[in-house]
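Biologist: Please show me the model, and then let us go through the labels put on it one at a time.

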Amino acid sequence: MSAHDAIAGDHAYEKTLRWWDGFTISLSIPAALFIGMGYAIGFIGAWTALALLGAVAVIACLQNYIYSEMAGMFTDKVGGISMYAHQGWRTRSTLVGPLATYGYWFAWSSSLAIYGLQIGTLVQAEWFPDQTWTFSTGLAEIGFPHMVALGVLVLGWALNVLGMRPAMWLMYATGVLVMIPIIAFALAPIISSDWSLSNMHWDIAASGAPGWQTAIAWMFVLAWSVYGIEAVASFVPEFRDTVRDTRIALRLAGLFVVAVYLLVPFGVGGMVDQAEVAENPVTFYLGAFESLFPGGDIIMTVCLIAGLLLLMIMTTADGGRVLHGSALEGLTIKQLGVLNRFKVPGRAMSLDLVVNVILILFVGEALAVIVAGILGYLICHVLSLTGFLNLRRDLPDAERPIKLGRQWVYVAGVLAVVDTVLVVVGALSANITGYGGTRELVIGVLVLSLSVVLYAYRRLVQDKQEWAWKEPVSEVTADLVENEPATGPGPETDTVKEHA
């Protein structure tokens with residue numbers, strides 16, 4: 001019996017979400033596009049940015065299809081793809097689970113400070129340009145944007161710890177606002193008189209590095225946000241009609257992000273001058289939107305803030321569930337395996353809050369940890385994809401309510417190789433994008449190392465178990481659950497065999 005089996009009854013999530021809630025959660029990912037896209041266009045040109053964003057989005061979509069099969073196999077597992085990595089690798093190594101969960105969690109958690117500071121920068125630029133005061137904490141200079149960031153951090157945390165439903169209502173509202181610039185920029189080639197193909201450039205050699213290395217370095221950075229559509233998997237245990245809602249939400253999120261990451265960069269890239277974007281990679285959107293609509297700068301500011309707030313709420317919810325699921329499985333300290341009276345992981349989400357307050361007050365420029373987060377996050381994807389291959393090999397006859405055709409085994413293998421190349425080449429080429437260097441890689445390694453220390457403490461000290469390097473296949477089989485009868489309307493059945 002796993003740790004999860006022993007305590008899940010007292011720590012179960014309420015099954016209140018439907019597939020459209022999962023899709024709403026995924027709307028936060030296009031909001032992240034408005035952070036990374038400006039830097040990419042400014043450095044490597046609009047055509048190059050479009051090609052790389054489109055490629056990464058297609059990879060993310062294919063990965064979501066693969067993750068849907070594992071989500072159907074482990075419908076009661078909290079923690080999304082990091083837990084799928086654990087299930088797929090536990091018969092070979094018990095260390096993969098803690099490495100995957102902490103690599104995943106740190107990437108999401110550390111991004112909260114980045115999003116909060118972006119909101120603070122937008123608020124200052126649009127409404128409080130004279131608030132230029134600063135003070136020092138001894139390690140960082142703190143100003144108006146940092147205080148705004150702290151405020152929205154607390155707001156996102158408060159909404160989440162009060163239960164999923166209050167957070168979902170705000171996600172609905174902010175999701176609608178996010179769609180405004182997405183639709184407007186996607187239609188820019190049709191409705192904007194400023195749009196021109198002459199603004200689109202290939203500039204992949206600008207860094208001086210070989211073109212292939214530059215492309216991989218930027219794909220490494222861009223994958224940090226685009227791959228995030230898998231976050232829907234973290235909420236699988238909360239779907240009412242688990243299998244049907246899971247399948248639709250994950251697949252729809254993947255297709256949606258491909259459309260957005262192709263149409264929006266094309267629309268934005270044809271409206272703006274590359275040099276101007278390079279100077280203002282975030283705030284340039286305000287002028288671009290102003291050219292589409294009178295008063296567009298204010299509308300765009302509100303929409304960007306709404307999108308970033310949506311992203312922060314989703315990130316807090318996702319990261320908290322990953323830590324909670326890790327504790328339930330015995331992969332980290334048991335204190336994090338507790339739900340509050342609103343049936344959400346309040347302790348785990350409070351840890352997110354504390355980590356990001358420290359980043360804002362004592363690091364200041366949170367982009368300094370982005371490479372550390374990307375490293376662990378992409379390693380988690382590699383382990384999840386190879387975990388899918390391991391499950392197909394170890395348990396070929398296991399019940400798979402959402403079963404993909406055999407060709408997806410080869411797709412998963414190719415994607416695992418691609419992500420491995422992104423990890424190795426991208427991490428060693430971070431100086432090309434300006435997103436970090438050796439120090440950030442060391443931070444990433446330390447975070448991953450901490451996960452093993454906490455796992456050892458949980459197993460040897462808290463659970464008083466003998467150390468085991470791997471577990472028998474029977475342990476994975478015991479964690480496979482029979483899916484409950486479908487509760488939603490219509491003729492859908494729980495088992496969806498897919499051979500296309």
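Biologist: Why is Lys 334 called partly exposed?

Modeller: This is a predicted model, and in it Lys 334 has a relative accessible area of 40%. Buried means under 20% and exposed means over 50%, so Lys 334 counts as partly exposed.

Biologist: What makes the contact of Lys 334 with Asp 463 a salt bridge?

Modeller: The side chains meet at 3.9 Å, N to O, and the cut-off is within 4 Å. The pair links distant parts of the chain, 129 residues apart: Lys 334 is in the loop between H14 and helix H15 (346–362), and Asp 463 is in the loop between helix H19 (438–462) and H20. Asp 463 is partly exposed, with a relative accessible area of 24%.

Biologist: Why does Arg 90 count as buried?

Modeller: Its relative accessibility is 3%; the limit for buried is under 20%, so the label applies to Arg 90. Arg 90 forms a salt bridge with Glu 475 (4.0 Å, N to O), and Glu 475, at 28% relative accessibility, counts as partly exposed.

Biologist: How do you know that H3 and H10 are roughly antiparallel?

Modeller: Helix H3 (residues 28–44) and helix H10 (residues 211–226) pack at about 160 degrees, with axes 9 Å apart. Angles over 145 degrees count as roughly antiparallel, and therefore H3 and H10 are given that label. Their crossing is right-handed.

Biologist: What makes Phe 293 partly exposed?

Modeller: Phe 293 has a relative accessible area of 34%, which lies between the limits of 20% and 50%. Together with Ile 183, Leu 187, Ile 190 and Ile 191, Phe 293 makes a nonpolar surface patch of about 480 Å².

Terms used
Residues are numbered from 1 along each chain as its sequence is written. This is a predicted model: local features need pLDDT of at least 70, side-chain atom pairs count only at pLDDT 80 or more; totals for chains, interfaces and linings use all residues. Side-chain values use heavy atoms; hydrogens and water are left out. Patches are made of residues with over 30% relative accessible area and no salt bridge: like charges are joined within 9 Å, nonpolar side chains (Val, Leu, Ile, Met, Phe, Trp, Tyr) within 5 Å. Accessible areas come from the Shrake-Rupley method with a 1.4 Å probe; for residues, only the protein chains shown count as cover. Buried means under 20% relative accessible area, exposed over 50%, partly exposed in between (1.4 Å probe, protein chains only). Axes are lines fitted to C-alpha atoms, for helices over the stretch in contact, and angles run from 0 to 180 degrees between N-to-C directions. Helices (H or I, at least four residues) and strands (E, at least two) are DSSP runs, numbered from the N terminus. Angles under 35 degrees count as roughly parallel, over 145 as roughly antiparallel, 65 to 115 as roughly perpendicular and the rest as oblique. A crossing is left-handed if the near helix is turned anticlockwise from the far one by less than a right angle, and right-handed if clockwise.
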